[in-house]
Amino acid sequence: MKLSVPLPQPNHFLTSSLQQWKRLPGGIPPARPGHHLDRDRRASNVGPITAALSLVDSPSSFPLYQPPPAQESLSELEPADPDFYKIGYVRSMRAYGIEFKEGPDGFGVYASKDVEPLRRARVIMEIPLELMLTIRQKPPWMFFPDIVPIGHPIFDIINSTDPETDWDLRMACLLLYAFDKQDNFWQLYGDFLPGADECTSLLLATEGDLLELQDPTLATTMKQQQRRALDFWEKHWHNGAPLKIKRLARDPERLTWAVSVAQSRSIGMQIRIGALVQDSNMLIPYADMLNHSFEPTCFLHWRFKDRMLEVMINAGQRIRKGDEMTINYLGSQKNNMFMQRYGFSSPVNPWDAIEFSGNACIHLDSFLSVFDIAGLPDEYYHKSPEHLANVGGTFVDGAVLAAARALPTWSDRDLPAVPSVERKAAKELQEECQRMLAQFPTTLEQDQEILDSTPQSRTSEAAIKYRLHRKLYIQKVIRALDMYQELLLF
């Protein structure tokens with residue numbers, strides 16, 4: 001049965017965006033040119049939204065909602081376009097104590113005030129189900145809200161996908177259909193998604209960009225993913241396809257872009273709707289602007305009683321005004337997986353790894369004690385991450401945690417480490433790391449020079465950063481082993 005959600009009246013307002021309204025002299029300014037939608041079609045489909053917003057823009061209609069005096073922002077980032085807020089809060093999206101800002105790497109979510117640590121998590125965003133695009137992870141396919149009408153050929157395409165592996169293709173089909181559906185929220189929100197030239201997804205990378213990775217295994221994997229998307233387009237967007245299908249993706253690049261958005265911006269989550277509990281893939285507007293961190297400040301929670309996705313600050317988390325709000329995308333995955341799914345990597349990924357081939361091993365407990373690391377391997381943490389006088393201040397970070405997991409080690413609590421043997425093993429591991437660095441076609445310094453001096457496409461830049469971060473990680477392992485030899489048993 002098709003789920004019909006009535007459009008609520010504009011009675012909820014995004015508190016963090018009130019400053020932005022003051023910039024509006026009245027009415028709705030022209031939306032900025034969309035990256036993915038035909039401008040004329042978009043303009044013809046915002047009639048109901050425009051009518052609703054006319055009430056918001058009239059000071060006499062709602063005198064209590066007059067914005068406070070504008071305050072100057074010290075941030076170098078640009079505040080989001082007012083339309084970015086409007087399309088959401090007219091449809092009951094709410095946010096508290098945050099603001100969206102656009103920087104060189106796209107949108108991000110930032111705290112608009114200080115938040116003192118509390119014993120309970122607190123809500124900063126509420127996004128209703130009606131704004132999302134969701135599809136059940138296993139057949140029978142179910143959509144909430146159910147925007148696909150019975151008999152539409154897009155359902156046949158979704159139904160032809162492999163239930164185990166093709167979740168991203170299904171989400172891409174649903175996203176393209178939402179762009180084409182009259183008066184759908186995503187026709188407006190699509191203006192704020194990154195265009196094909198702004199995405200770092202390796203699905204959109206050229207063969208030359210993939211060579212920049214200096215990782216043949218990852219490059220081969222991405223070529224297979226690109227071929228998979230192209231085969232899917234050729235199978236369903238052929239000359240005999242109905243016009244209502246053809247116009248969704250007139251060329252393979254359009255479908256590939258939609259798949260890249262599905263991979264990089266959707267989440268898998270268990271939701272409850274009434275008595276039905278199901279695992280779903282979801283595209284969640286506004287929450288998809290949260291960037292990744294290995295030490296996130298926020299997490300996502302499904303509130304089943306009113307079908308709302310909550311973004312919540314971690315309990316005990318201190319937030320300062322201007323801090324970026326983040327979540328953890330994948331958890332314990334190496335950089336190659338982050339590159340494959342999202343198109344970015346990190347030099348402080350605590351789960352990255354080096355494959356050593358020698359027989360040298362260092363004493364695990366001694367290494368951990370030198371860098372003040374505690375916990376089990378899957379839960380390593382720094383006991384004093386900010387001030388470690390014995391290892392040079394802030395040297396310890398995620399890369400050192402990764403080294404603690406990746407270095408070949410031995411452990412026997414009844415048998416102490418012998419310093420001379422430990423130093424010999426550490427030197428052998430350093431030599432192997434040096435050989436790894438020598439195998440790369442470019443040095444770390446050359447990579448940095450390329451990034452600083454030569455303009456790159458987004459995908460090429462991401463690929464160069466990936467190999468740079470790999471070298472930085474190996475170099476930090478070498479430095480950590482230097483410190484280990486210096487501080488061992490002293």
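Predicted model: local features only at pLDDT ≥ 70, side-chain atom pairs only at ≥ 80, totals over all residues.

Reader: OK, helices next. How many residues of α11 are buried?

Author: In α11, 12 of the 14 residues are buried, so this helix is largely enclosed by the rest of the structure. The buried ones include Trp257, Arg254, Gln263 and Arg265. As for length, α11 covers residues 252-265 and reaches 20 Å from its first C-alpha to its last, close to the 20 Å expected.

Reader: You mentioned α6. What about burial there, how many of its residues are buried?

Author: For α6 the number is 12 of 14, so α6 is largely enclosed by the rest of the structure. Among its buried residues are Asp168, Arg170, Cys173, Tyr177 and Phe179. The end C-alpha atoms of α6 are 20 Å apart, which agrees with the 20 Å that its 14 residues should span.

Reader: Now the inside. Which residues touch the most other members in the largest nonpolar core?

Author: That core has 90 residues, and the ones touching the most other members are Phe100, Met125, Ile127, Trp186, Trp237, Tyr286 and Met325. Helix α6 gives the most to this core, with 10 residues. Apart from it lies another core, of 37 residues, which includes Ile373, Tyr380, Ala406 and Ala426.

Reader: Back to Tyr286 for a second, what does tyrosine 286 touch?

Author: Leaving out residues up to four places away in sequence, tyrosine 286 touches several residues, among them Phe84, Phe100, Met125, Ile127, Phe185 and Tyr189. Tyr286 also belongs to one aromatic cluster, together with Phe84, Phe100, Phe107, Phe185, Trp186, Tyr189 and Phe192.

Reader: How many aromatic pairs are there?

Author: The count comes to 23 aromatic pairs. In one of them, the rings of phenylalanine 185 and tryptophan 186 have their centres 6.2 Å apart and their planes at 90°, so that pair is edge-to-face. Phenylalanine 185 is buried, with a relative accessible area of 3%, and tryptophan 186 counts as buried at 2%.

Reader: Switching topic, how many disulfides does the count come to?

Author: The count comes to 0 disulfides. As for individual cysteines, cysteine 199 is buried at 8% relative accessible area, whereas cysteine 361 is partly exposed at 32%.

Reader: Last one, where is leucine 488 found, and what does leucine 488 touch?

Author: Leucine 488 is found in the segment after α17 (458-487), and is buried, with a relative accessible area of 1%. Not counting residues up to four places away in sequence, leucine 488 touches Ser366, Pro419, Glu422 and Arg423. The C-alpha atoms of leucine 488 and proline 419 are separated by 6.6 Å, while the two residues are 69 residues apart along the chain.

Notes
Residues numbered from 1 in each chain as written. Heavy atoms only, no water. Disulfide = S-S within 2.5 Å. Buried < 20%, exposed > 50% of the residue type's maximum accessible area, 1.4 Å probe, protein only. Helix = DSSP H or I, 4+ residues; strand = E, 2+ residues; numbered from the N terminus. Expected span 1.5 Å × (residues − 1). Contact = heavy atoms within 4.5 Å. Core = buried A, V, L, I, M, F, W, Y, C linked by side-chain atoms within 4.5 Å. Phe/Tyr/Trp six-rings, centres within 6.5 Å; stacked < 30°, edge-to-face > 60°.
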